[in-house]
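Below are some notes for a colleague meeting this structure for the first time. Please read them beside the sequence and the coordinates.

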Number of protein chains: 2
Amino acid sequence: METYKIDEVSKVTGLTKRTIRYYEELGLLMSTQRTEGGMRLYTQEHIERLKQIVSARDVLGFSLQEILDFVQLRETFEGHRTSIQNTEDAEVKRHYLQEVERGLAQQLQMIDQKMETMAQFRREREQLHHRIKEAIQNTLT
Amino acid sequence: METYKIDEVSKVTGLTKRTIRYYEELGLLMSTQRTEGGMRLYTQEHIERLKQIVSARDVLGFSLQEILDFVQLRETFEGHRTSIQNTEDAEVKRHYLQEVERGLAQQLQMIDQKMETMAQFRREREQLHHRIKEAIQNTLT
DNA sequence: CCAAAAGTTAACGTTGACGTAAACGTTGGT
DNA sequence: ACCAACGTTTACGTCAACGTTAACTTTTGG
């Protein structure tokens with residue numbers, strides 16, 4: 001599989017090398033494969049993940065701690081597929097999945113809440129914008 | 001007009017007294033009337049403003065510096081109505097207004113950009129949610 | 001009228017999210 | 001085989017956004 005060194009990743013994501021290592025340290029980014037000498041080798045998947053983190057951070061305004069919750073929920077599920085998948089106890093399994101499902105439902109609700117508030121904010125700004133444009137018109141008459 | 005002391009304001013906005021004073025210090029919140037002894041007296045308008053600031057901070061993820069830009073743009077316009085309104089030079093006036101208009105247009109575009117990314121993020125989460133629910137169904141069959 | 005509650009300024013402390021510098025090892029081209 | 005460019009860890013520095021404490025004044029209820 002194609003891999004990238006940290007400087008490449010830094011350029012395509014816009015993050016500094018320091019930040020990329022920091023995110024790994026926090027557990028936001030899964031650890032990479034290393035070369036014999038210890039250099040990190042990133043895959044395309046790592047890059048996608050980093051882009052998502054940036055979105056969540058800059059656009060949604062989440063703290064790294066909140067993002068960690070999001071990430072862990074996904075990992076929990078993906079990890080589940082291989083580790084718990086083969087368990088015999090369907091009860092345990094279902095209970096586990098339901099926990100994850102509840103978490104996701106809450107996240108969705110939280111996002112909707114944010115979008116609503118954002119739309120509200122936008123309306124307010126648009127109204128101001130409208131009034132300004134009117135005022136400009138009035139300077140022309 | 002009805003006024004409130006800082007502790008009241010703290011309770012209804014959820015902000016600490018320290019934070020409220022800090023926002024005033026930064027210029028995010030217009031200064032209040034004071035009592036003879038120097039105590040701040042807030043109006044309903046101050047409270048509304050604080051709620052907006054909290055939204056912009058928590059929901060939109062804006063930094064206080066960004067919020068300051070938003071606030072100043074509004075103040076600039078509101079202040080304009082009384083101070084520049086009566087100027088004779090319609091040229092100066094219109095130019096001024098157009099500056100403000102450009103700023104607002106940019107803000108709107110920025111908000112739309114954020115909403116778009118947020119919607120994208122939501123879709124991704126929803127898809128994951130869907131897969132989880134499917135997996136739960138599968139434990140029942 | 002007076003103690004307790006609430007307010008004020010000033011200054012230092014803390015936490016999250018990185019930046020930066022030092023000291024050292026790895027890679028890859030000539 | 002060498003060296004410039006890039007990588008690694010470790011550790012201290014920084015800045016925004018407040019928290020906390022101190023020392024003091026004002027307001028208010030009994």
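1. UniProt positions are given here in the numbering used for this structure, and its annotations may be inferred rather than shown by experiment. With that caution, an unreviewed UniProt entry places the feature "coiled-coil region" at residues 111-138 of chain A. The model itself is predicted, and over residues 111-138 of chain A it is 100% helix and 0% strand, with the end C-alpha atoms 41 Å apart.

2. How many residues of chain A are in contact with chain B? There are 43 residues of chain A in contact with 43 residues of chain B. The area buried between chain A and chain B is about 4,400 Å², and carbon and sulfur atoms give 74% of that area. Met118(A), Phe121(A) and Arg125(A) together supply 16% of the area that chain A buries against chain B, which is more than any other three residues supply.

3. Polar and charged pairs also cross this interface: the rule finds 10 residue pairs in polar contact between chain A and chain B, both residues being at pLDDT 80 or more, and it finds 4 salt bridges there. In one salt bridge the side chain of Asp112(A) meets that of Arg122(B), at 2.4 Å from N to O.

4. On the side of chain A that touches chain B, the elements giving two or more residues are α3 (44-58), α4 (64-83) and α5 (90-138) of chain A. The largest share, 29 residues, comes from α5(A). By class, that side of chain A has 20 nonpolar, 8 polar and 15 charged residues.

Terms used:
Residues are numbered from 1 along each chain as its sequence is written. Chains are lettered from A and ligands numbered from 1 in the order in which they are written. This is a predicted model: local features need pLDDT of at least 70, side-chain atom pairs count only at pLDDT 80 or more; totals for chains, interfaces and linings use all residues. Side-chain values use heavy atoms; hydrogens and water are left out. Contact means heavy atoms within 4.5 Å. Buried area is the accessible area (1.4 Å probe) that two parts lose on being put together, summed over both. A polar contact is a pair of N or O atoms within 3.5 Å; within protein, one must be able to donate a hydrogen and the other to accept it, and residues adjacent in sequence count only if both atoms are side-chain atoms. Helices (H or I, at least four residues) and strands (E, at least two) are DSSP runs, numbered from the N terminus. Ala, Val, Leu, Ile, Met, Phe, Trp, Tyr, Cys and Pro count as nonpolar, Asp, Glu, Lys and Arg as charged, and the others, Gly among them, as polar.
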